[in-house]
Amino acid sequence: RAALLRAIDEEYRAEALYQHILGQIGQTRPMSMIARSERHHAWILESLAIAHGVEIPPNAWAGKRMPDVGDARAGCRAGVESEKKTIALYDELLKVELPDDLKRAFTHLRAVSADHHLRAFEACS
């Protein structure tokens, strides 16, 4: 339960950050695509929460003040740091005993962050 709630919160955080940055720099790639992907990641975890009888928490990041960036490159650098944080969380969560479906989801979401999101942000930063 705790691992699932932490993962949901992390995906909410990343989505809120990327939406905030998009509000400053406009709908630019890869930020716009990754923000949409974070919403999908949260949905995956919310679906697992329902399947495991865990109440979906409110999004504590909605409306929360996020750091401002000056331009798209700075936004991408913020994305790099954010994805590193996400990867580190999944590394931590994957060390505990988990049901198979959560382990598969966490492994998949970690791989997407490391192999796609992080690389895209590094390329534009």
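Modeller: In what follows, a helix is a DSSP run of H or I with at least four residues, numbered from the N terminus. The model under discussion is predicted.

Colleague: What span does α1 reach from its first C-alpha to its last?

Modeller: With 24 residues, and at 1.5 Å a residue, α1 is expected to span 34 Å.

Colleague: Which residues of α3 meet α1?

Modeller: From α1, the contacting residues include Ala3, Ala7, Leu17, Tyr18 and Ile25. Their partners in α3 are Ala72, Gly75, Ala78, Gly79, Ser82, Glu83, Lys85, Thr86, Leu89, Tyr90, Glu92 and Leu93.

Colleague: What covers the buried residues of α3?

Modeller: The buried residues of α3 include Ala74, Cys76, Val80, Ile87 and Leu93. The elements that cover the buried residues of α3 include α1, α2 and α4.

Colleague: Is Glu83 buried or exposed?

Modeller: Glu83 belongs to helix α3. Leaving out residues up to four places away in sequence, Glu83 touches Tyr18, Ile34, Glu38, Ser113, His117, Leu118 and Phe121. The cut-off for a buried residue is under 20% relative accessible area. Because the relative accessibility of Glu83 is 0%, this residue counts as buried.

Colleague: How are α2 and α4 oriented relative to each other?

Modeller: Helices α2 and α4 pack with their axes 11 Å apart, at an angle of about 175 degrees. Among the residues in contact are Ile34, Glu38 and Leu48 of α2, and Leu102, Phe106 and Phe121 of α4. Given the angle, α2 and α4 are therefore roughly antiparallel.

Colleague: How many aromatic pairs are there?

Modeller: Rings of Phe, Tyr and Trp pair if their centres lie within 6.5 Å. By this rule, the number of aromatic pairs is two.

Colleague: What is the angle between the planes of Tyr18 and Phe121?

Modeller: Tyr18 of helix α1 and Phe121 of helix α4 are 103 residues apart, so this pair links distant parts of the chain. Both residues, Tyr18 and Phe121, are buried. Their ring centres are 5.2 Å apart, and the pair is tilted, with an angle between the planes of 55 degrees.

Colleague: What is the centre-to-centre distance between Tyr90 and Phe106?

Modeller: Tyr90 lies in helix α3 and Phe106 in helix α4, 16 residues apart. At 0% relative accessibility, Tyr90 counts as buried, and Phe106, also at 0%, counts as buried. The pair is tilted, with 50 degrees between the planes, and the centre-to-centre distance is 5.5 Å.

Colleague: Which residue lies over the face of Trp61?

Modeller: A charge sits over a ring if NZ of Lys or CZ of Arg is within 6 Å of the ring centre and within 35 degrees of the ring normal. At 4.4 Å from the ring centre of Trp61, the residue over its face is Lys64.

Colleague: Which two residues does a cis peptide bond join?

Modeller: Pro30 is found in the loop between α1 and α2. The omega of the cis bond is about 5 degrees, and the residues joined are Arg29 and Pro30.

Colleague: Which residues is Arg39 in contact with, leaving aside its neighbours within four places in sequence?

Modeller: Arg39 lies in helix α2 and, at 33% relative accessibility, counts as partly exposed. The C-alpha atoms of Arg39 and Glu11 are 7.4 Å apart in space, although the two are 28 residues apart in sequence. The contacts of Arg39, with those neighbours left aside, are Tyr12, Glu15 and Glu46.

Colleague: Is Ala51 buried or exposed?

Modeller: Ala51 is part of helix α2. The cut-off for an exposed residue is over 50% relative accessible area. With a value of 62%, Ala51 is exposed.

Definitions and conventions. Residues are numbered from 1 along each chain as its sequence is written. This is a predicted model: local features need pLDDT of at least 70, side-chain atom pairs count only at pLDDT 80 or more; totals for chains, interfaces and linings use all residues. Side-chain values use heavy atoms; hydrogens and water are left out. Helices (H or I, at least four residues) and strands (E, at least two) are DSSP runs, numbered from the N terminus. The expected span of a helix is 1.5 Å times one less than its number of residues. Rings of Phe, Tyr and Trp (its six-membered ring) pair if their centres lie within 6.5 Å; planes under 30 degrees apart count as stacked, over 60 as edge-to-face and the rest as tilted. Buried means under 20% relative accessible area, exposed over 50%, partly exposed in between (1.4 Å probe, protein chains only). Contact means heavy atoms within 4.5 Å. Axes are lines fitted to C-alpha atoms, for helices over the stretch in contact, and angles run from 0 to 180 degrees between N-to-C directions. Angles under 35 degrees count as roughly parallel, over 145 as roughly antiparallel, 65 to 115 as roughly perpendicular and the rest as oblique.
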